[in-house]
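I opened this notebook page to record what I looked up in one structure. The entries cover charged pairs, strand pairing and the surface.

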Amino acid sequence: MPKNKLKNDIILIVSILCLSLIALVIYKSNQSKGSMVKVTVDKQVKDCYNFNNNTETVILSGDKNQYENVLVIKDGYAFIKSANCPDKICVKHHKISKTGETIVCLPHKLVVEITEE
């Protein structure tokens, strides 16, 4: 009896993993290349940039503009080049280009999001 139960558990786990993999492939294949980069600071849309224009811009935030992030849009990708936050997670984040992808800098309350036009 225990061998049969173990076999059924393994079949269930493998089935769930296969379904998860199929869902991930479908999700990734349906993501389209974005056309705009929306910059939000403290829940307020600060700027929108077009992917067709290579640009590098400094995003200032905070009460006295003491927070600084450098956003780069180049060759159809957006990324944070530098930031003066302590952990630099936003700088270490991979380049983004597909609709719905985001880069977040929590200390600066900054969200960089790829959207459609």
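**Entry 1: salt bridges.** I searched the whole structure and found 2 salt bridges, a salt bridge being a side-chain nitrogen of Lys or Arg within 4 Å of a carboxyl oxygen of Asp or Glu. I note that this is a predicted model, in which local features need pLDDT of at least 70, side-chain atom pairs count only at pLDDT 80 or more, and totals for chains, interfaces and linings use all residues. Residues are numbered from 1 along each chain as its sequence is written, and side-chain values use heavy atoms, with hydrogens and water left out.

**Entry 2: Glu-113 and Lys-38.** I looked up the salt bridge between the side chains of Glu-113 and Lys-38 and recorded 3.8 Å from N to O. Glu-113 belongs to strand β7 and Lys-38 to strand β1 (residues 36-41), so this pair ties together parts that are 75 residues apart in sequence. Helices (H or I, at least four residues) and strands (E, at least two) are DSSP runs, numbered from the N terminus. The classes are buried under 20% relative accessible area, exposed over 50%, and partly exposed in between (1.4 Å probe, protein chains only).

**Entry 3: Glu-56 and Lys-81.** For the salt bridge of Glu-56 with Lys-81, I noted 3.4 Å between the closest N and O atoms. Glu-56 sits in strand β3 (residues 55-61) and Lys-81 in strand β5 (residues 77-83), so the pair ties together parts that are 25 residues apart in sequence. Glu-56 is partly exposed at 49% relative accessibility, and Lys-81 is partly exposed at 47%.

**Entry 4: the sheet.** I traced an open sheet of 4 strands in the order β2-β1-β7-β6, with antiparallel pairing; two strands pair if DSSP finds at least two bridges between them. At its edges I found β2 (44-50) and β6 (102-105), each pairing on one side only. I then followed β6 to β7 (residues 110-115) and found antiparallel pairing over 4 bridges. Val-104 has Val-111, in β7, as its bridge partner.

**Entry 5: the surface.** Which residues form a nonpolar patch on the surface? I listed Leu-21, Leu-24, Val-25 and Tyr-27, with about 420 Å² of accessible area together. Patch residues have over 30% relative accessible area and no salt bridge; like charges are joined within 9 Å, and nonpolar side chains (Val, Leu, Ile, Met, Phe, Trp, Tyr) within 5 Å. Accessible areas come from the Shrake-Rupley method with a 1.4 Å probe, and for residues only the protein chains shown count as cover. I placed Val-25 in helix α1 (residues 2-30).
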